[in-house]
Amino acid sequence: MSNEKIINLTVNGASVQFIAPSHRTLLEALRHEGFVEIKCGCEKGDCGACAVLMDGEPIDSCLTLAWHADGHEVVTIKGLGDKGNADPLQKAFIDTGASQCGYCTPGMIIAAKALLKENPDPSLDDIKRGLSGNLCRCTGYTRIFEAVEVAAAEMRGETQEGEAA
Ligand code: FES
Ligand code: FES
């Protein structure tokens, strides 16, 4: 019996189909399909670099088998927005200097997106907890936390200083 099957899923709104053996992770499969914006770090669930949204929930794609994504909807950092139509988190990461080498940024923004969906007005501790599964070697985290605060304020319709817009 073959241990390969055809996987059908939606990535950033587009249908994607590929053949995957049962042991292939979603991270491996999607990067192979060209979604290299999903970063590969530890491959064991420690760094969060590979995070994507599956059916709106953040997951580590290195811990998810491609077979488990069959029939599901995946969103990567590119699905959140682009240059002409950036997500507030993408914009805030640029504006605050929260992205240095940028390797952790896709996973950080995916985790932050999930956090702000659950909690639009997070405290600093909430943000730290929400991003606790994501590691950064560059920033010391201060600017990342600031970026999430800035984006959250913008999404609530407030200015960066917290005043009503
Ligand atoms: S590469 Fe998936 S958690 Fe590190
Ligand atoms: S910006 Fe370099 S690892 Fe986070």
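Me: What separates the centres of domain 1 and domain 2?
Reply: This is a predicted model. In it, 21 Å separate the two centres, taken over C-alpha atoms.

Me: What makes these two domains, and where do they run?
Reply: The domain assignment of the protein gives them. Domain 1 covers 4-79 and domain 2 covers 81-155.

Me: How many residues does the contact take from domain 1 and from domain 2?
Reply: It takes 15 residues from domain 1 and 13 residues from domain 2. On the domain 1 side, E3, strand E4 (57-60) and H2 each supply at least two. E3 gives the most to that side, with three residues.

Me: Why is Val 11 called buried?
Reply: Count its neighbours. Val 11 has 21 other C-beta atoms within 10 Å. The cut-off for buried is 20 or more. So Val 11 counts as buried.

Me: Where does Val 11 lie, and which residues does Val 11 touch?
Reply: Val 11 lies in strand E1. Leaving out residues up to four places away in sequence, Val 11 touches Val 16, Leu 30, Phe 35, Val 74 and Thr 76.

Me: What makes the largest nonpolar core, and which members touch the most others?
Reply: It has 45 residues. Its members are buried residues of set types, joined through C-beta atoms within 7 Å. Met 108, Ala 112, Ile 144, Ala 147, Val 148 and Ala 151 touch the most other members. Several elements each supply at least two residues, among them strand E1 (4-11), helix H1 (26-32) and helix H3 (88-96). H6 gives the most, with eight residues. Each of domain 1 and domain 2 gives at least three.

Me: Why might such residues gather?
Reply: In soluble globular proteins, nonpolar side chains tend to be buried together.

Me: Which residues does Met 108 touch?
Reply: Met 108 touches Leu 131, Asn 134, Cys 136 and Ile 144. Residues up to four places away in sequence are not counted.

Me: Which residues of H4 and H6 meet?
Reply: Met 108, Ala 112 and Leu 116 in H4 meet Ile 144, Val 148, Ala 151, Ala 152 and Met 155 in H6. H4 passes H6 in a right-handed crossing.

Me: Why are H3 and H4 called oblique?
Reply: Their angle is about 130°, and their axes are 10 Å apart. Roughly perpendicular ends at 115, and roughly antiparallel needs over 145. The angle falls between, so H3 and H4 are oblique to each other. H3 passes H4 in a right-handed crossing. Leu 89, Gln 90 and Phe 93 of H3 make the contact with Thr 105, Ile 109, Ala 112 and Lys 113 of H4.

Me: Which residues of H3 are buried, and what do they pack against?
Reply: Pro 88, Leu 89, Gln 90, Ala 92, Phe 93 and Thr 96 are buried. The buried residues of H3 pack against helix H2 (77-80), H4 and H6.

Me: What follows H3?
Reply: Gly 97 does, and its phi is positive, near 75°.

How values were computed
Residues numbered from 1 in each chain as written. Chains lettered and ligands numbered in written order. Predicted model: local features only at pLDDT ≥ 70, side-chain atom pairs only at ≥ 80, totals over all residues. Buried ≥ 20, exposed ≤ 12 C-beta atoms within 10 Å, placed from the backbone. Helix = DSSP H or I, 4+ residues; strand = E, 2+ residues; numbered from the N terminus. Domains from an automatic or database assignment. Contact = placed C-beta atoms within 7 Å. Axes fitted to C-alpha atoms, helices over the stretch in contact; angles between N-to-C directions. Parallel < 35°, antiparallel > 145°, perpendicular 65-115°, else oblique. Left-handed = near helix turned anticlockwise from the far one by under 90°.
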